[in-house]
Amino acid sequence: MTITEVTYRRMEFELSEPYYIAYESIHSTVNFILQIKTNASIIGYGCAVPDAEVTGEIPDQVEHTLQNTIIPFLSGKDPFSYARILYDLKKLLGDESSAMAMVDMALHDLIAKKSRVPLYRFLGGYRNSIPTSITIGILSIEDTIERAHDFIDQNFSILKIKGGNNLDEDIEKMIKLREEFPEVILRFDGNQGYSLEDSIAFVNATERVGIEIYEQPVHINSSKTLGKVTKGVDIPVMADESLKTLSDAFYLAQNEHVDMVNIKLMKVGGILEGMHINSVAKSAGLEAMVGCIDECALGIAAGLHFALARPNIRYADLDGHLDLIDDPFQGLFKLEKGILYPSDHPGLGKIDPSIFN
């Protein structure tokens, strides 16, 4: 099988409702969709979501890379040599992680389609479904409770609450959420907003809430501080923004700075690199979650198939597609009662190529 044609489409999705995190407000998202055609009449698809904070990229940079590097580089390649392709491409792209993830997804989609199996089965097929959390951005306490009611009414059972701007309000919010929803699983994402002292104070004040996961409370440049938080609290601390590379995973694991890692394909550069990072986590006894940013359902599908393939990945936060308006990839998986189920179609699922017309 040989790659014969590579094209892309730049898509900007408005969010049905803007949301707020500790360092910015989000109103829209740019996604690049890669289409790779082969002489076997099999087409593979991938998705890139550049984000200045998370991936270190901006849209115009990714588009330039597509036109001048990725498209000419992939022409004539054999997708089954994906490890070599990605190794060589990494030398050209450097830290452009979502661009790497886009190519990685499309190659995996191609080879799973050629093998006539869904991608999660090609990768290992450990499980066939996984519950996902649904995220509530930074809102007032009253609006947070109202939004939580909406999500519970939609049968979600795991809520991830964003915070990091106001310690006292975050504490009060989590206590009231627990009082209102005694059975719901609660996770908290500090989004780098806290100091060491605030991070520990938050956990002490919310001890009775029973927070399942405490995600990235301190700044990414404070890995040692993150380690002090981990050693100073008795709930699992997860690295998100602090984990972007395989070297980051090794450093965090070797120094026992965290209990868990959040592997976002856009952030780490795709499924293959995600597999390596998960192996490091597993060797250190760290559990893993697969997360996302504001990705269309194509990107979410790739994260889902990755999450289903490995026993060490017990958690998912794959809700980035839910607020995107006019997402053409919504049929790639099912979301029922807060649980994600992959498509039975080969690869990432059945995609209508007419989206490129």
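A salt bridge is a side-chain nitrogen of Lys or Arg within 4 Å of a carboxyl oxygen of Asp or Glu. A search of the whole structure, which is a predicted model, finds 15 salt bridges.

**Annotated residues**

- An unreviewed UniProt entry lists residues 141-236 as "domain: Mandelate racemase/muconate lactonizing enzyme C-terminal".
- Asp189 belongs to strand E7, which runs over residues 185-189. Asp189 has a relative accessibility of 0%, so this residue counts as buried, the limit for that class being under 20%.

**Salt bridges**

- A network of salt bridges links Lys160, Lys162, Asp189, Glu215 and Asp317.
- Lys176 and Glu172 form a salt bridge through their side chains, with an N to O distance of 3.0 Å. Both residues lie in helix H6 and are four residues apart, about one turn of the helix.
- Lys176 is partly exposed, at a relative accessible area of 34%, and Glu172 is partly exposed as well, at 36%.
- The side chains of Arg314 and Glu287 also meet in a salt bridge, at 2.4 Å from N to O. Arg314 lies in strand E12 (residues 313-316) and Glu287 in strand E11 (residues 287-291), so this pair ties together parts that are 27 residues apart in sequence.
- Arg314 has a relative accessible area of 47% and is partly exposed; Glu287, with 24%, is also partly exposed.
- A further salt bridge joins the side chains of Lys334 and Glu336, with 3.9 Å from N to O. Lys334 is partly exposed at 45% relative accessible area, and Glu336 is partly exposed at 42%.

**Negative surface patch**

- Glu142, Asp143, Glu146, Asp150 and Asp153 form a negative surface patch.
- Glu142, one of the patch residues, is found in helix H5, which covers residues 141-153.
- The relative accessible area of Glu142 is 55%, so this residue is exposed, the class that begins over 50%.

**Residues with a positive phi**

- Most residues other than glycine have a negative phi.
- Asn155 is not a glycine, but has a positive phi of about 75 degrees. Its place is in the loop between H5 and strand E6 (158-162), where Asn155 counts as partly exposed at 42% relative accessibility.
- Gln216 likewise has a positive phi, near 35 degrees, and is a residue other than glycine. Gln216 is found in the loop between strand E8 (213-215) and helix H8 (223-232).
- With a relative accessible area of 0%, Gln216 is buried, whereas Asn155 is partly exposed.

**Sequence separation and distance in space**

- Glu53 and Glu241 are 188 residues apart in sequence, and their C-alpha atoms are 8.8 Å apart in space.
- Glu53 is found in the loop between strand E3 (43-48) and helix H1 (59-74), and counts as partly exposed at 31% relative accessibility.
- Asp168 and Leu123 are 45 residues apart in sequence, with 44 Å between their C-alpha atoms.
- Asp168 is found in helix H6 (residues 167-180), the helix that also holds Lys176 and Glu172. At 61% relative accessibility, Asp168 counts as exposed.

Definitions and conventions:
Residues are numbered from 1 along each chain as its sequence is written. This is a predicted model: local features need pLDDT of at least 70, side-chain atom pairs count only at pLDDT 80 or more; totals for chains, interfaces and linings use all residues. Side-chain values use heavy atoms; hydrogens and water are left out. Patches are made of residues with over 30% relative accessible area and no salt bridge: like charges are joined within 9 Å, nonpolar side chains (Val, Leu, Ile, Met, Phe, Trp, Tyr) within 5 Å. Accessible areas come from the Shrake-Rupley method with a 1.4 Å probe; for residues, only the protein chains shown count as cover. Lys and Arg count as positive and Asp and Glu as negative; His and the chain ends are not counted. The place of a charge is taken as NZ of Lys, CZ of Arg, CG of Asp or CD of Glu. Helices (H or I, at least four residues) and strands (E, at least two) are DSSP runs, numbered from the N terminus. Buried means under 20% relative accessible area, exposed over 50%, partly exposed in between (1.4 Å probe, protein chains only). UniProt positions are given in the numbering used here, feature names are shortened, and annotations may be inferred rather than shown by experiment.
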